[in-house]
Amino acid sequence: MKKKRSARLGRNAPCPCGSGLKYKKCCLGKKEPVSNVSRKKYAKKHNIRLKTKADIQAIRIAGKLALKTLDLVEAHIRPGITTDSINTLAHDFTIQNGATPAPLNYKGFPKSVCVSVNDVICHGIPGPRILKDGDIVNVDVTPILNGYYADVNKTFFVGNPKPEAQKIVRVSRECLKTGIAMVRPGATLGDIGWAIQRHAHKNGCSVVEEFVGHGVGFAFHEPPQVLHYGRRNEGLTLVPGMVFTIEPMINLGKKNLHVSDDGWTAITDDHFLSAQFEQTILVTDAGYESLTPFKL
């Protein structure tokens, strides 16, 4: 199911091509479609390759596989299973469906998914750790299907969640929803970060700043970087055809973190809980569409 936000582009709105001029003084009335003007400008100036309709459909199909993988994982999460068993489940399902797990061997990452438990913020390496009742666990999947990437993650409860677990998972989910709601042509990346940070702080939580969202589709990580904090009306202007992830990492305590000796696992310094939700988002002519949609 597509999630869209209606937003008409007014004559006095910032031009979606990113020129900084008003729409009426820039691309309005040009024979060349705004999307084509944007495609050339963003490729040259920002190294961002805007997606065509065919590209978007391919990412959408990869996104459906990613969501099915998470659904399969969710059905098996319970106290007593290991994080490595989650990896095996996701890896086998991805391969069976003709795709490749993007994380596997990416810059030396040894597994096919990231599995991050409790105070692990992100990039948890699956292994012998046994999930216990009351844990929270984030599973991050990125299949490559027919050459296209889709990226999505969710944080799940293991057994019976405690109040603090319920809070951080709720706030993290709401932060993603709040950030996505800012996406439309003419908005900025700063608008997204501002909305996320504002909601997290309002709920007494903090936003991790070291890890960000990113362009995705042709590769695992593309420009632009999508910060989950920031100021309104600052940063790159959003234009139709941009595809990127929004994936705020929200901590119950302070934002400070450290990376373990394995070079990957990011952990909160105060060992308070951390949670994350992620979707792959397309900027459309009218607003946005999630290419990995799940209920928020």
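Strand β10 contributes the most residues to the lining of the second largest cavity, with three. Strands are DSSP runs of E of at least two residues, and helices are runs of H or I of at least four, numbered from the N terminus. The model is predicted: local features need pLDDT of at least 70 and side-chain atom pairs pLDDT 80 or more, while totals for chains, interfaces and linings use all residues. Residues are numbered from 1 along each chain, and side-chain values use heavy atoms, without hydrogens or water.

The second largest cavity has a volume of about 30 Å³. A cavity is a set of points on a 1 Å grid over the protein atoms alone where a 1.4 Å probe fits but cannot get out; lining residues have an atom within 4 Å of a point. Its lining comprises Ile48, Arg49, Lys51, Glu222, Pro223, Pro224, Met242, Val243 and Phe244. β10 and β11 (243-246) each give two or more of these residues. Six lining residues are nonpolar, three are charged and none is polar.

The largest cavity holds about 50 Å³. Thr69, Thr94, Pro101, Ser112, Val113, Val141, Thr142 and Pro143 line this cavity. Four of them are nonpolar, four polar and none charged.

β10 (residues 222-226) also runs antiparallel to β9 (residues 213-215), joined by three bridges. Strands pair if DSSP finds at least two bridges between them. Gly213 stands opposite Val226. Six residues separate the strands of this hairpin, and Gly217 in the turn has a positive phi of about 140°.

Technical notes:
1 Å grid on protein atoms, 1.4 Å probe; cavity = no way out; pocket = protein on both sides within 12 Å on 5 of 7 lines; lining within 4 Å. Points joined across faces, edges and corners; volume = space filled by probe spheres on them. Nonpolar A, V, L, I, M, F, W, Y, C, P; charged D, E, K, R; others polar.
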